[in-house]
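Hi there,

Here is the structure I promised to pass on. Have a look at it first, and then read on for what turned up.

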Amino acid sequence: IPKLCPPRWQKIFKSRLVGLAVAYGNTVFVVLIVILVLLLFGGCWHHPPGVLGGQGGPGGPQGPAHPPSRSLLRRLVTLISQQAVLGASSEAFRKQAEGASQAARRYMEDNDALRKVPRPASRGGGKGGVPGASGPDTPLV
């Protein structure tokens, strides 16, 4: 830690950034503690009564086949991988929606540009060499 004078340290600790870090840090800490407690109880709920104490069960007298810590670890890895998949899919959906939004914006701009282009007025059925067609060279009567 660099040596700074006390008024400088006071400015640093009273800054808005440090205040936000402390506020969100406390919230994140509490959320992590709650998650760990839930994982602990979740690991205990997966085992029938008596299995955790080593009396009988799938592991025999030496204990269960899967200790609670291994169950918690497996569950934690599963939750993290599901969160990663969810994050990746939401990112893909967001990019797809942005692409669709940009395409719709381009189509709307093209549509507005086409509406602003003046069309020559036609009488008698249109253009293209059709008798009675009006163009720039034919007088309107």
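Ile-33 sits in helix α2, which spans residues 16-45; helices here are DSSP runs of H or I with at least four residues, strands are runs of E with at least two, and both are numbered from the N terminus. Please keep in mind that this is a predicted model, where local features need pLDDT of at least 70, side-chain atom pairs count only at pLDDT 80 or more, and totals for chains, interfaces and linings use all residues. Residues are numbered from 1 along each chain as its sequence is written, and side-chain values use heavy atoms, with hydrogens and water left out.

Ile-33 counts as partly exposed because its relative accessibility is 38% (buried is under 20% relative accessible area, exposed over 50%, partly exposed in between, with a 1.4 Å probe and protein chains only). Ile-33 also belongs to a nonpolar surface patch of about 750 Å², together with Phe-29, Val-30, Val-34, Leu-36, Val-37, Leu-38 and Phe-41. Such patches take residues with over 30% relative accessible area and no salt bridge, joining nonpolar side chains (Val, Leu, Ile, Met, Phe, Trp, Tyr) within 5 Å and like charges within 9 Å.

The UniProt record, an unreviewed entry, places a "transmembrane region" at residues 17-41; its positions follow the numbering used here, feature names are shortened, and annotations may be inferred rather than shown by experiment. Over residues 17-41 the model is 100% helix and 0% strand, with 36 Å between the end C-alpha atoms.

Now to the charged side chains. The structure has two salt bridges, meaning a side-chain nitrogen of Lys or Arg within 4 Å of a carboxyl oxygen of Asp or Glu. Arg-94 pairs with Glu-91, their closest N and O atoms being 2.4 Å apart, and with Glu-98, where that distance is 2.6 Å. Glu-91 is partly exposed at 32% relative accessible area, as are Arg-94 at 38% and Glu-98 at 39%.

As for the chain overall, there are three helices and zero strands, and 10% of the 141 residues count as buried. Among contacts (heavy atoms within 4.5 Å) between residues at least 6 apart in sequence, 29% join residues at least 24 apart.

Best wishes

Methods
Areas by Shrake-Rupley, 256 points an atom, 1.4 Å probe, with all protein chains shown as cover.
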